[in-house]
Amino acid sequence: MSRHHALKHRVVTSFQRRIGNPILSRLPFQTLLETTGRTSGLPRRTPVGGRRVGNAFWFVSEFGDRSQYVRNIRADPRVRVRINGTWHTGTAHPLPEDDARTRLKALPRYNSTAVRALGTELLTVRVDLTD
């Protein structure tokens, strides 16, 4: 990873962790991804932007395998997603073979623009919903 990408990752994730995520997580319309902490075993909630298509929820991680929630998914793919205020359980699948930039065109515009602008290692994630 280049020095520029490492600095960008550090700045963006610090902002998200301290300011963005605590505020967004409280908004009733915000979509949340709940993973299980790979070390603590505690639930970890992260605001995400994506779209439900049938029984699948699609989103793109801006930092790929460097994202803590992607690391949690790799350790335990069972997740919950809050969509429009309702929690759904499912199994998450990181899809490195999927073209994340193309996928962003089918997802909500505001979030997709931010992911493209701030991201350095885009990774598509599909959650197969079971309810």
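Modeller: A residue counts as buried when its relative accessible area is under 20%. Keep that cut-off in mind for strand β1. The model is a predicted one.

Start with the strand itself. β1 covers residues 32-36. Four of its five residues are buried, so β1 is largely enclosed by the rest of the structure.

Now the neighbours. β1 is joined to strand β2, residues 43-47, by five bridges, and the two run antiparallel. Within this pairing, Thr36 sits opposite Pro43 of β2. β1 and β2 form a hairpin with six residues between the strands. Gly41 takes a positive phi there, near 80 degrees.

β1 also pairs with strand β5, residues 78-83. This pairing is antiparallel too, and three bridges make it up. Here Glu34 faces Arg80 of β5.

A polar atom of its side chain lies 3.0 Å from the backbone oxygen of Val48.

Helix α2 spans residues 68-75, and its buried residues are Tyr69, Val70, Asn72 and Ile73. Viewed down the helix axis, these residues fall within an arc of 160 degrees, so they line one face of α2. An α-helix has 3.6 residues a turn, so residues three or four places apart point the same way. The buried residues of α2 pack against β1, β2 and β5. They also pack against β4 (56-61), β6 (86-95) and β7 (123-129).

Then the charged side chains. Side chains of opposite charge can pair when their charged atoms come close. The model has six salt bridges. One of them links Asp76 and Arg78, with N and O 3.0 Å apart. Asp76 is buried, at a relative accessible area of 15%. Arg78, at 58%, is exposed.

Another joins Arg103 to Asp98, the closest N and O atoms lying 2.9 Å apart. Arg103 is partly exposed at 22% relative accessibility. Asp98 is partly exposed as well, with a relative accessible area of 22%.

A further salt bridge brings Arg126 and Asp128 together at 2.8 Å, N to O. Arg126 is partly exposed at 22%, and Asp128 is partly exposed at 26%. Salt bridges with shared partners also tie Glu34, Arg45 and Arg80 into one network. That brings us back to the strand pairing, where Glu34 stands opposite Arg80.

One more arginine deserves a look. Arg52 lies in strand β3, residues 50-53. At 33% relative accessibility, Arg52 is partly exposed. Its side chain reaches the backbone oxygen of Gly54 at 2.9 Å. Leaving out residues up to four places away in sequence, Arg52 touches Phe57, Ile83, His88, Leu129 and Asp131. Arg52 and Leu107 are 55 residues apart in sequence, yet their C-alpha atoms are 9.2 Å apart in space.

To recap the part you asked about: β1 is largely enclosed. The buried residues of α2 pack against β1.

Terms used: Residues are numbered from 1 along each chain as its sequence is written. This is a predicted model: local features need pLDDT of at least 70, side-chain atom pairs count only at pLDDT 80 or more; totals for chains, interfaces and linings use all residues. Side-chain values use heavy atoms; hydrogens and water are left out. A polar contact is a pair of N or O atoms within 3.5 Å; within protein, one must be able to donate a hydrogen and the other to accept it, and residues adjacent in sequence count only if both atoms are side-chain atoms. Buried means under 20% relative accessible area, exposed over 50%, partly exposed in between (1.4 Å probe, protein chains only). Two strands pair if DSSP finds at least two bridges between them. Contact means heavy atoms within 4.5 Å. The arc is that of the directions from the helix axis to the C-beta atoms. A salt bridge is a side-chain nitrogen of Lys or Arg within 4 Å of a carboxyl oxygen of Asp or Glu.
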